[in-house]
Amino acid sequence: RDELTGQPNRRAVRAYAHAQVLQAQSLGVPLSLAIIDLDHFKAVNDSLGHTGGDQVLRAFATAATSVLRGQDRLGRWGGEEWLLVLPGTAVEELPAVFERLRTRFATASVEGLAGPHGCTFSMGAAQLGTRIAGLDALIAEADLQLYRAKHEGRNRLCTA
């Protein structure tokens, strides 16, 4: 577990993702994976301090897990990045997932802040398939899509 947020750490979420890739390939069911990055997080730390930034990370984790399904797994990938594993989810379903996450995070309260936090996130995602056939390829494609989302203005989802 990640000590700060209580979410699975990088090793644990990667192990879960690997198991889900094998299961999806075996059963022929969809599997999508997303990498999420909180936008302009350095500015959050600069304005709120690292304690405030930590509170924003906790608020994101709480908000996200409140709208995800039981089989979905959010894990801290590193810093302000998260890996989201979505078993049984096709790429066409991802805009609805993104909107649920975005709406819930926008209204999340952050301990120590009296008003809205104003933070957003970008999300890059991909679906397992013939072109993207394994976990490393899935992560690489989601990461590529995350960079595209940031390049296109942040606070958005880009998919393969």
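This is a predicted model: local features need pLDDT of at least 70, side-chain atom pairs count only at pLDDT 80 or more; totals for chains, interfaces and linings use all residues.
Is Arg76 buried or exposed? I looked up Arg76 and got 15% relative accessibility, so Arg76 counts as buried, because the cut-off for buried is under 20%.

**Entry: the partner of Arg76**

Next I wanted to know which residue Arg76 forms a salt bridge with. The partner is Asp2, and the closest N and O atoms are 3.1 Å apart. Asp2 is buried as well, with a relative accessible area of 14%. Then I checked where the two sit along the chain. Arg76 belongs to strand β2 (residues 73–78), while Asp2 is in the segment before α1 (10–27). They are 74 residues apart in sequence, so this pair ties together separate parts of the chain.

**Entry: other salt bridges**

How many salt bridges are there by this rule? I noted a count of 8.

I picked Lys42 and Asp46 to look at, whose side chains meet in a salt bridge at 2.9 Å, N to O. Both residues lie in helix α2, and they are 4 residues apart, about one turn of the helix. Lys42 has 59% relative accessibility and counts as exposed. Asp46 comes out as exposed too, at 55%.

I also clicked on Asp72 and Arg69, which meet through their side chains in a salt bridge of 2.7 Å, N to O. Here Asp72 is buried at 7% relative accessibility, whereas Arg69 is partly exposed at 31%.

**Entry: the nonpolar cores**

I moved on to the greasy bits. In soluble globular proteins, nonpolar side chains tend to be buried together. The largest nonpolar core in this model has 31 residues. Which of them touch the most other members? I wrote down Ile36, Leu38, Phe60, Leu84, Leu101, Phe105 and Phe121.

The elements giving two or more residues to this core are β1 (31–38), α2 (41–67), β3 (81–87), α3 (94–106) and β4 (121–127). Helix α2 gives the most, with 9 residues.

There is a second, separate core too, made of 19 residues. Ala17, Ala24, Leu33 and Leu83 are among them.

**Entry: a closer look at Phe121**

What does Phe121 touch, if I skip residues up to four places away in sequence? My list includes Ile36, Leu38, Phe60, Leu101 and Phe105, and each of these is also named among the residues of the largest core that touch the most other members. Phe98 is another contact of Phe121.

Key. Residues are numbered from 1 along each chain as its sequence is written. Side-chain values use heavy atoms; hydrogens and water are left out. A nonpolar core is a set of buried Ala, Val, Leu, Ile, Met, Phe, Trp, Tyr and Cys residues joined through side-chain atoms within 4.5 Å. Buried means under 20% relative accessible area, exposed over 50%, partly exposed in between (1.4 Å probe, protein chains only). Contact means heavy atoms within 4.5 Å. A salt bridge is a side-chain nitrogen of Lys or Arg within 4 Å of a carboxyl oxygen of Asp or Glu.
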